[in-house]
Amino acid sequence: MAISKRGDVWQVSFRYKDRYGRHKRYRKSGFKRQKDAANHETKMKNELLDTGIIYQRKKMTINDVWDEFSKNDHTLAISTKENYEMYFNRHIRNSIRQTYIDTVDYKLMQDFFADLGRNNPKSTCDGVYRVCNKLFKYAYNLEYIQRLPYTSMVIKGRPRAKKRKEHIISHEQYQEICDFIRNSYRIHTPRRRSALIAVELGYYTGMRIGEILALDKDDLDFNLMQINVDKSLAYLPWILGHS
């Protein structure tokens, strides 16, 4: 039976198939009158006929959805995920994070980005925009929202400061670093050669430190004089349990 009484309140409960053919159950209780439960049942079944889905009424804030997305998403590269975390923590967590995601609309987000653009360069605003796109698409796919709050957004930002000229160390500075490693009492003797090799690879190839530390023997081809670079070592404090 779709409507039943549990204690002093009425509840609606029925099974259904969504538009993807998945078997699901809808349940909601807390109705004081049988009539209220019946009206709610009619509303939900009409929604099912119109859309093929009954959207979850779970009240989730932007912060709740982000925490769930961060935990469950395995499609992003580690470096991309770290960048997204940085954008969220710096620019979203302290502003709209407590907003219920099903109440977000175009105006709220346009005002948010307008305010963000007054104090940040456009590159930062673009990064935050990418995070928001991922967040809302995740919420839509999980049926936390019935529609995306926007299809496009006007993104502006303050002019970027003049880019500083990159500093490339001279050969003399490189030699000083190598000499320091060779003569340093702080580095145990067996590790000095490894440290020197890492510095030499970085200086002569331009590889990043994470790429150098991730190398293994199979990545080195001495016949072709080639190094295969296809991975990078990253420090993951949330896995190691450090802050």
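This note sets out numbered points on the predicted model shown above.

1. Basis. The model is predicted: local features need pLDDT of at least 70, side-chain atom pairs count only at pLDDT 80 or more, and totals for chains, interfaces and linings use all residues. Residues are numbered from 1 along each chain as its sequence is written, and side-chain values use heavy atoms, with hydrogens and water left out.

2. Secondary structure. The protein has nine helices and five strands; helices (H or I, at least four residues) and strands (E, at least two) are DSSP runs, numbered from the N terminus. Their order along the sequence is β-β-β-α-α-α-α-α-α-α-α-β-β-α.

3. Overall shape. The radius of gyration of the protein is 27 Å, well over the 18 Å from the globule rule for 243 residues, so the protein is more spread out than a compact globule. The radius is taken over C-alpha atoms, and the rule is 2.2 Å times the number of residues to the power 0.38. Along the principal axes, the C-alpha atoms fill a box of roughly 85 × 45 × 35 Å.

4. Burial and surface. Of the 243 residues, 33% are buried; buried means under 20% relative accessible area, exposed over 50%, and partly exposed in between (1.4 Å probe, protein chains only). The accessible surface is about 17,400 Å², with 51% belonging to carbon and sulfur atoms. Areas come from the Shrake-Rupley method with a 1.4 Å probe, and for residues only the protein chains shown count as cover.

5. Contacts and charges. Among contacts (heavy atoms within 4.5 Å) between residues at least 6 apart in sequence, 52% join residues at least 24 apart. The mean positions of the 45 positive and 29 negative charges are 7 Å apart. Lys and Arg count as positive and Asp and Glu as negative, while His and the chain ends are not counted; the place of a charge is NZ of Lys, CZ of Arg, CG of Asp or CD of Glu.

6. E68. This residue belongs to helix α2 (residues 62-72). Its side chain makes a polar contact of 2.7 Å with that of Y138. A polar contact is a pair of N or O atoms within 3.5 Å; within protein, one must be able to donate a hydrogen and the other to accept it, and residues adjacent in sequence count only if both atoms are side-chain atoms. Beyond neighbours within four places in sequence, E68 is in contact with M60, Y138, L142 and Y144.

7. F113. Helix α4 (residues 106-119) holds F113, which is buried at a relative accessible area of 2%. Residues up to four places away in sequence aside, F113 touches C125, V128, Y129, C132, M153, V154 and I155. The C-alpha atoms of F113 and G157, 44 residues apart along the chain, are separated by 8.8 Å.

8. I53. The loop between α1 (34-51) and α2 contains I53, and I53 is buried at 2% relative accessibility. Apart from neighbours within four places in sequence, I53 is in contact with R19, Y20, E47, L48 and E143. From I53 to V104, 51 residues apart along the chain, the C-alpha separation is 20 Å.

9. The loop between β4 and β5. M225 sits between β4 (220-221) and β5 (226-227) and is exposed, with a relative accessible area of 68%. Phi of M225 is near 60°, a positive value in a residue other than glycine. Most residues other than glycine have a negative phi. N223 is found in the loop between β4 and β5 and is exposed at 78% relative accessibility. N223 and N120, 103 residues apart in sequence, are 50 Å apart in space, C-alpha to C-alpha.
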